[in-house]
Amino acid sequence: MTEVESKIMEKLPENIKGLLDLAYNYWWTWNHKAQRLWMYIDEEHWREYKNPVKLLLEVDEKRLKELSRDEQFLNLYELVIGNFEKYMNEKNTWFSSNYPKWDKPIVYLCMEYGIGKSLPIYSGGLGILAGDHVKTASDLGLPFIAIGLLYKHGYFKQEIDTTGNQIEIFPSYDPEEMPIKQVLKENGEPLLIEVPIENKIVYARVFEVNVGRVKLYLLDTDVEENSWEDRKICDYLYNAELDKRIKQEILLGIGGMRLLEKLEIEPGVIHLNEGHPAFANFQRIAWYMEKGLRFEEALEVVRGTSVFTTHTPVPAGHDVFPVWFVEEKLTKFFESLPKEKFLSLGKVEEKDPNFNMSLLAIRTSNFVNGVSKLHADVTKLMWQSLWKEVPLDEIPIEGITNGVHTSTWVHEEMAKLYDRYMGKVWRNHVNLEGIWYAIEKIPDEELWGTHLRAKRQLIELIKRKIKERNERLGIDEPIPEIDENALIIGFARRFATYKRAILLLSDLERLKKIVNNPEKPVYIIYAGKAHPRDLAGKEFLRKVYEISQMPEFKGKIILFENYDMGSARLMVAGVDVWLNNPRRPMEASGTSGMKAGLNGVLNLSIYDGWWVEGYNGRNGWVIGEETTEPESEADDPKDAQSLYELLETEIIPLYYENREKWIQIMKESIKSIAPRFSTHRMVKEYMAKFYTKAMEHGIWLVRDNFRWAKEIAEWKEKVFKSWGNVRIESIITKDARGVDVIVNLNGLSPEDVKVELYYGVKAWEYIIEKPHIIELKNPEDLGNGKFRYRYEGTALRNLRNPCWHYAVRIYPHHARLPYKFLFGGLIKWRGLFEE
């Protein structure tokens, strides 16, 4: 037990000592009753910090003794502790029931995690998604371990001055006051991880965070064994300095793997959430080489057990370092290793001067996905050069759409309502769509009354934040009154320019009429942070503030500061309409609208990211056209016009004139969004599509002293050596549907390739829409030892029909590989669109 734990334990009366274990497990972040328990102790302290360890350290001992005799508190305490212990000791989980023989953990690496306000190691959507992934892994019982970094100053606290400028405050956080524990060796000394950076070893201490049944390990270099400069590697999240940034990524990737080694944990699957932790696979390749494998063989094992999720919709969003810089920072790591082979994994081509972290992740992972179906298509387009001449729809990048952790983001009042009409079964089976049809049984007045209670809580939060800011800045003006019965529109997200926070402010005369209609008033609530280095984003935020201070908009357009997970929970439930208007396809997925929809808040969004899949014509509105075509700045006026028209002609009249229909859309929103866009669905999809396959493939690759990893590597080398002279010599149509094809395999055997007839209606140049693919079989050896073979097959349609076009293609094939096409464009075509 640590000194802090001992101090707390001494303070706690005997009958409430269970608070200590509860405080050190973030399970309470998704349990409303547990949060009420902490609030009962000291409401003001809890609202400020949301940190139970700090609360127990600072609460007066007299108050704890009072609580130990408070019957209401003790009843709540017994209920919460009972639920907590039941959750932690549950043996029959979804995972254990479906995967009883699984014996190795899934290890997840990410640069940031949004677990709760008291662990400020997140900046936005990536971290919130990672936190929700971890919580859901706990709920479902996955053998899951997460690894990240502990940042001394976390992400910044936002203040907005009297002219609307964003001020970034970087508090220092004391790990001893946080719900985390330093990992110690058996002798009580801190566990230190040795990480090779530049030409030396950098040491990292380790902290353990309990998130339900999952452990999240955080690395930090602030130890006396390091130089002063290296102690500051983890000072800030997403450090602006290139030197610190790459050191953080080495620490996360290589350090994360060395942590597993120290803890004697052998992973079954590695999941890289974004490209930042991709150096992990460098370390894994090096380890397999130490076991006697060649680089190419080691790479096969690593690829076969790695999952990579990209969240980036544009090339500029990927981390790229100069090759010489990577080489310099990994000097010690590369000792006795084939450096050029390692570095080639992050270069587009041999002479490329840049090293791309996402490319490294793709090249070392068999299982790659974007975070929505549209984003998967965008990602395929971005990386199609890796699979030259492979049709976009066949590039092996999946779309696994993000979700949200329902218990974290559902409003407490809404959760109670769902319990009454759906039973508590929905809490453990969120992704079952049929359960949510029971939403229709909720009386309209009851759903509306619950929604109004959520609105009141948000209004109180806004008024409190404005009051605190006014006091800080010495502003003497009344706090705006917000009518809970009025239409409230919410826009809360990072102030990046592509998210177009000012789109609704583009026609102020028109907007003035909208918000100041005395019979149908409208409030617009803004919140969000601009990245410290994003000057254009800061200017957008300043402009929103400036307009909010104009007399005609004062009290109707409101911007509140320091948006975080706590305020987000109230915001996504307490507005009526959730506004999202990025430039397509810049929103890879987006999850805030999912949280809003879960709470009956209606989405008003550009047709982008998750909304392409979520919108069904009855659960919200689409701004602009229902298309997936990319947008540019030139489309802003058109989208603004659409937004104004929707508000003026549909949304505002509907809200005020037809409450019954509005509530029906709320119900449709809940039942169509809650199950499909939950992380329960998402994690189960990762299990089915990636984790299970990666685990099975890994077991096969290492069997019999890596026999199959060696065979696959040898097979690929043979294929690459022969492929230059493999060719399709001729295509002969025997009749309207039959084809004979002569191929020269240049030393390969028919078992090494697949030959296919590819045909369909021509959509545009070199593209066949919805192609039919027929495998040509029965290869006939034409003799003379020249590796020439005749293949034959029959199309389902008349190939001589002028509307139909066809081609024959050949590509390498190995029955045990989990993907169809190899890197490097190893595919050859003949006959496409030949007349």
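**View 1. Arg-294 and Glu-297 form a salt bridge.** In this pair, the closest N and O atoms are 3.2 Å apart; a salt bridge here is a side-chain nitrogen of Lys or Arg within 4 Å of a carboxyl oxygen of Asp or Glu. Arg-294 is partly exposed at 36% relative accessible area, while Glu-297 is buried at 9%. Buried means under 20% relative accessible area, exposed means over 50%, and partly exposed lies in between (1.4 Å probe, protein chains only). Please keep in mind that this is a predicted model, in which local features need pLDDT of at least 70 and side-chain atom pairs count only at pLDDT 80 or more, whereas totals for chains, interfaces and linings use all residues. Residues are numbered from 1 along each chain as its sequence is written, and side-chain values use heavy atoms, with hydrogens and water left out.

View 2. Helices (H or I, at least four residues) and strands (E, at least two) are DSSP runs, numbered from the N terminus. Both partners are partly exposed, Lys-512 at 27% and Glu-509 at 49%.

**View 3. A salt bridge joins Lys-734 to Glu-792.** The N to O distance is 3.8 Å. This pair links distant parts of the chain, 58 residues apart: Lys-734 is in the loop between S21 and strand S22 (738-744), and Glu-792 is in strand S26. Lys-734 is partly exposed, with 47% relative accessibility, and so is Glu-792, with 36%.

**View 4. Four strands make an open, antiparallel sheet.** Their order is S21-S22-S26-S25, with strands S21 (727-733) and S25 (777-781) at the edges, each pairing on one side only. Two strands pair if DSSP finds at least two bridges between them. From one strand to the next, the twist averages 25 degrees; axes are lines fitted to C-alpha atoms, for helices over the stretch in contact, and angles run from 0 to 180 degrees between N-to-C directions. S25 and S26 (residues 788-794) are joined by three bridges, and Asp-781 has Tyr-789 in S26 as its bridge partner.
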